[in-house]
Amino acid sequence: MRIDQNVVYRLLAEDPANVYSLLLVAGYLKAPRKELQADGSYLCEVSIPNREIAAVYKSEILSHLLQIGAVTRTTANRESGDGRYDISLIPREKRYPGMIMELKWKKNLDEEKLAGLAEEAFAQIEEKGYEADMKEDGITNILKFGIVFSGKRVHVKTKQDCESIIKKA
């Protein structure tokens, strides 16, 4: 992101991307790498500084989805089936799909190991029966995602037919 360390609140209306500058100055983002640009701003690689701040972002995004009516309730790390899933998005109407996400993270994985770990995350959803609560609520279309992070790389494992279900919704 382009970061201007002299940004003021009124500039947010001119360019909403200025919010990144405010988040960085306030400590809600960190810049592990930055490069000074000719105009005095910085081109920065930004990341979330710690788990506590990550939890804040997660709760804000999920509360926004609830507020706009995209989901009726959102749960995390709750028991369902034979274990605890990471994230579950429960649709407002049964005609829309529910979503279950299992997240994993490891350092320094190559592409092959990253894909293998995504397979494991996806298999965990199936093996532990995380969709049990949704099925009890009458939700029949359930999208399942095994999502793996390693550094800047992300790999997602899902069923082949999920893309068509998402487009229909």
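Helices are DSSP runs of H or I with at least four residues, numbered from the N terminus. In this predicted model, helix H3 (51-67) gives the most to the lining of the largest pocket, with six residues. The volume of the largest pocket is about 850 Å³, and its lining comprises 24 residues. Nearest the centre of the pocket lie Ile48, Ala54, Leu103, Trp105 and Phe149. Besides H3, the elements that give two or more residues to the lining are strands S8, S9 (142-150) and S10. By class, eleven of the lining residues are nonpolar, five are polar and eight are charged.

A nonpolar surface patch of about 450 Å² is made by Leu103, Trp105, Phe149, Val154 and Val156. At least two residues of the patch come from S8, and at least two from S10 (153-157). Leu103, Trp105 and Phe149 belong to the patch and are also among the residues nearest the pocket centre. Trp105 is found in strand S8. The relative accessible area of Trp105 is 55%, so this residue counts as exposed, the cut-off being over 50%.

Six salt bridges are present in the structure. In one of them, Lys144 pairs with Glu126, with an N to O distance of 3.0 Å. This pair links distant parts of the chain, as Lys144 lies in strand S9 and Glu126 in helix H4, 18 residues apart. Lys144 is buried at 9% relative accessible area, whereas Glu126 is partly exposed at 34%. Through salt bridges that share partners, Glu126, Glu131, Lys135 and Lys144 are joined into one network.

Another salt bridge joins Arg95 to Glu93, and the closest N and O atoms of this pair are 2.6 Å apart. Arg95 is exposed, with 58% relative accessibility, and Glu93 is partly exposed, with 36%. Lys104 and Glu102 also meet through their side chains in a salt bridge, at 3.9 Å from N to O. The distance in this pair falls within the 4 Å limit, so the contact counts as a salt bridge. Lys104 is partly exposed, with a relative accessibility of 22%, while Glu102, at 4%, is buried.

The backbone at Asn108 was also examined. Most residues other than glycine have a negative phi. Asn108 is not a glycine, yet its phi is positive, at about 55°. The residue is located in the loop between strand S8 (98-105) and helix H4 (111-128). Asn108 is exposed, with a relative accessible area of 73%.

Technical notes
Residues numbered from 1 in each chain as written. Predicted model: local features only at pLDDT ≥ 70, side-chain atom pairs only at ≥ 80, totals over all residues. Heavy atoms only, no water. Buried < 20%, exposed > 50% of the residue type's maximum accessible area, 1.4 Å probe, protein only. Patch = residues over 30% accessible without salt bridge, like charges linked within 9 Å, V, L, I, M, F, W, Y side chains within 5 Å. Areas by Shrake-Rupley, 256 points an atom, 1.4 Å probe, with all protein chains shown as cover. 1 Å grid on protein atoms, 1.4 Å probe; cavity = no way out; pocket = protein on both sides within 12 Å on 5 of 7 lines; lining within 4 Å. Points joined across faces, edges and corners; volume = space filled by probe spheres on them. Nonpolar A, V, L, I, M, F, W, Y, C, P; charged D, E, K, R; others polar.
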